[in-house]
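Good morning, and thank you for coming.

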Amino acid sequence: MKVIIIGAGIGGMTLACKLAAGGIVPEVYDAAPQLQPVGLGINLLPHASKVMAEIGVLGEIARRSVETYESTFFNRFGQHIFSEPAGLRAGYELPQYSVHRGDLHQSLLQRFAELATKRHLHAGHQCVGYDQDDGGVTVHFRDTLGQKLLESVRGDVMVAADGLHSVVRKSLHPNEGDPVYSGVNMWRGATLHKPFLDGANMTRIGWLSTGKLVIYPIRNDADGQGNQLINWVAEIETPTYKKKRDWNKQGCFDDFMWAFEDMKFDWLDVPALLRSTDAVMEFPMVDQDPLPFWSQGRVTLLGDAAHPMYPRGSNGAGQAILDGKVLGDALLSAENPRDALKAYEGERLPITAKVVLTNRSTPPDIILKEVFERTGDKPFDRIEDVISADELASLSSNYKKIAGYDRERVAQS
């Protein structure tokens, strides 16, 4: 079987490694002239770690990342709300990792080169369309730099992992509606800083109405002097946005720093950490309504091309990784590639649709929302007088089940 993958990002390369490890070496095409490390922090929850172990990259990721020990929640006054163990400490069979996207991506590229050699990875190929018939699919490309048409490629299956602005998604769904804006804008960055709390915490602070932060380390001893590379995400309710969806869009400190100037706690000086960041990226919290189908004949979608969702709950990369595993398993065991694509869609589309819709109404950090509303955004004397420990644990547990990473389901997968 000849499989063509459009897009060499996290989802595309997970699929490529899965197939190559199973004996089907795909041809992978990416529009970028060079595949360079980009982006910021990503969280690999235990279900994604399990996939990375299957394809032989978890050891390299562990070497490059920070194992997450605990999830912690605070209000904007620095008062502790809730903590729960993560990964191995929560009883999962594999750890949870916080990692720079570039480090994760390089680990996947390195593994694919080991399995299949680099000649099966083609940069500078922008997909401009495709044709399919009973015998296969023909994919057409343009040179990204020179814009000249390149030689078309024939295969049995085409998988479009070409991201938020997928050409193939537009072809399958030409009348799809506009992106759905959540009313929240997001700024991101990473900076060197001494470890805080236990040096392995996924920390959430505040709430969207007045400014919310997610902060976690993604590299240990990043400068040889004991400092970590700390990833942070600032989110604020913002009525409208004018910026194009672009993960690499430059942002401005003045647009959000006002919300965090008072967050100076005995365990972390938040404004100092933010201001020590060299470059800020901005992204509107948008998604798309779930599609009625991903697959048509010998063509299917994967990752952001299939289900753009809010970058919450470690779901963006995580769900793309799960897509890659399920589709890889289906193709490796299938006699008919069309049946494999339908089986993959039948399993993954309902799950990801539920995550998309749940993130709109019940985000993974709903704990912060509950405390914000119950206290009227004021300090509390005792968190037990605001919300019980059982209710806090229940809110967290319910989201894990929806997103597919509760401990029981991961153990069975």
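How many helices and how many strands are there in the protein? There are 11 helices, together with 18 strands. Please keep in mind throughout that this is a predicted model.

Let me begin with the overall form. The C-alpha atoms fill a box of roughly 70 × 45 × 45 Å along the principal axes. A compact globule with 413 residues would have a radius of gyration near 22 Å, and the 21 Å of this protein agrees with that. Of the 413 residues, 57% count as buried. Among the contacts with a separation of 6 or more, 73% are accounted for by residues 24 or more positions apart.

I turn now to the interior. In soluble globular proteins, nonpolar side chains tend to be buried together. Which residues have the most contacts inside the largest nonpolar core? That core has 63 residues, and the ones in question are Leu-44, Met-52, Leu-104, Leu-108, Val-168 and Leu-301. Let us take Val-168 as an example. Leaving aside residues up to four places away in sequence, Val-168 touches Cys-127, Tyr-130, Met-158, Ala-160, Asp-162, Val-299 and Leu-301.

Just after α2, Gly-56 takes a positive phi of about 85°.

Next, the empty spaces. Rolling a probe the size of a water molecule over the atoms shows where empty space is left. How many cavities of 30 Å³ or more does the structure hold? The structure holds two.

The largest cavity contains about 90 Å³ of space. Of the 13 residues that line it, Asn-75, Arg-76, Leu-368, Phe-372 and Asp-377 are the closest to its centre. Helix α9, residues 366–375, and strand β14 each supply at least two residues of this lining. The most comes from α9, with four residues. By class, the lining has six nonpolar, four polar and three charged residues.

Helix α9 deserves a further look. Its buried residues include Ile-366, Ile-367, Leu-368, Glu-370, Val-371 and Thr-375. Just after α9, Gly-376 takes a positive phi of about 65°.

The second largest cavity has a volume of about 40 Å³. Its lining is formed by Pro-290, Leu-291, Trp-294, Ala-306, His-307, Leu-349, Thr-352, Ala-353 and Val-356. How does this lining divide by class, into how many nonpolar, polar and charged residues? Seven are nonpolar, two are polar and none is charged.

Several elements each supply at least two residues of the lining, namely β5 (70–74), β6 (80–85), β14 (201–207), α10 (389–403) and α11 (407–412). Which of them gives the largest share? That is α10, with five residues. The lining consists of 11 nonpolar, eight polar and seven charged residues. Strand β14 contributes to this pocket as well as to the largest cavity.

Finally, I draw your attention to the backbone at two residues other than glycine. Gln-147 has a positive phi, near 65°. Where does Gln-147 lie? Its place is in the loop between β10 (136–143) and β11 (149–155). With a relative accessible area of 41%, Gln-147 is partly exposed. Leu-197 likewise has a positive phi, of about 50°, although it is not a glycine. This leucine, Leu-197, lies in the loop between β13 (180–193) and β14. Leu-197 is partly exposed too, with a relative accessible area of 36%.

That concludes my presentation. Thank you for your attention.

Notes
Residues numbered from 1 in each chain as written. Predicted model: local features only at pLDDT ≥ 70, side-chain atom pairs only at ≥ 80, totals over all residues. Heavy atoms only, no water. Nonpolar A, V, L, I, M, F, W, Y, C, P; charged D, E, K, R; others polar. Core = buried A, V, L, I, M, F, W, Y, C linked by side-chain atoms within 4.5 Å. Buried < 20%, exposed > 50% of the residue type's maximum accessible area, 1.4 Å probe, protein only. Contact = heavy atoms within 4.5 Å. 1 Å grid on protein atoms, 1.4 Å probe; cavity = no way out; pocket = protein on both sides within 12 Å on 5 of 7 lines; lining within 4 Å. Points joined across faces, edges and corners; volume = space filled by probe spheres on them. Rg over C-alpha atoms; globule rule 2.2 N^0.38 Å.
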